Amino acid sequence: TGRPELPARPFADRSAGEENVQNAARLLDELEKRLQGKPDDLQGWVLLGRTALRVGRFDQAIAALQRAIVLAPDRADLLASYAEALVLKDQGKIAPRALEALESALKPAATN
């Protein structure tokens with residue numbers, strides 16, 4: 001009675017997780033295609049970059065976040081997300097461009 005019960009379908013969660021990843025990948029690719037026709041859609045590029053980052057599609061995240069940074073170069077949150085994507089892609093190594101992005105994110109915004 002002290003032993004935990006095994007789930008009735010031990011592999012159900014794994015296959016559901018894989019299906020979710022496949023669905024997310026498909027949706028990300030569709031969003032990326034739509035954004036090709038809307039190069040100035042900041043919110044779309046941010047959504048694509050951050051979602052790709054969450055599901056481990058680091059190259060896609062980096063490209064989308066680079067596009068977002070071009071549109072909004074003073075947004076520290078975008079620079080930080082970009083640096084995070086670079087570090088995760090490099091398996092924890094902090095490359096010079098990741099460090100540059102972090103340093104830029106930490107600089108106070110220039111005042112006019």
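Guide: Helices (DSSP runs of H or I, at least four residues) and strands (runs of E, at least two residues) are numbered from the N terminus. The model is predicted, so local features need pLDDT of at least 70 and side-chain atom pairs count only at pLDDT 80 or more, whereas totals for chains, interfaces and linings use all residues. Residues are numbered from 1 along each chain as its sequence is written, and side-chain values use heavy atoms, with hydrogens and water left out.

Visitor: In which helix is confidence highest?
Guide: Confidence is expressed as pLDDT, the predictor's score for each residue from 0 to 100. The protein chain has a mean of 84, and 80% of its residues reach 70 or more. The lowest helix mean, 80, belongs to α1 (residues 12–36), while the highest, 96, belongs to α3.

Visitor: What span should helix α3 have at 1.5 Å a residue?
Guide: The expected span is 1.5 Å times one less than the number of residues. Helix α3 covers residues 58–71, which is 14 residues, and its end C-alpha atoms are 20 Å apart. This agrees with the expectation, because the 14 residues should span 20 Å.

Visitor: Against which helices do the buried residues of α4 pack?
Guide: The buried residues of α4 are L78, L79, S81, Y82, A83, A85, L86 and V87. Contact means heavy atoms within 4.5 Å. By that criterion, these residues pack against α2 (42–54), α3 and α5 (96–106).

Visitor: Is S81 buried or exposed, and with which side chain does its own side chain make a polar contact?
Guide: S81 lies in helix α4 (residues 76–89) and counts as buried because its relative accessibility is 10%. Leaving aside neighbours within four places in sequence, S81 is in contact with R50, L53 and L65. A polar contact is a pair of N or O atoms within 3.5 Å; within protein, one must be able to donate a hydrogen and the other to accept it, and residues adjacent in sequence count only if both atoms are side-chain atoms. At 3.4 Å, the partner side chain is that of R50.

Visitor: Which residue's side chain is joined to that of Q60 by a polar contact?
Guide: Q60 lies in helix α3 and counts as buried because its relative accessibility is 8%. Not counting residues up to four places away in sequence, Q60 touches L28, D29, E32, L48 and A52. The polar contact, of 3.4 Å, joins the side chain of Q60 to that of D29.

Note on methods: Buried < 20%, exposed > 50% of the residue type's maximum accessible area, 1.4 Å probe, protein only.
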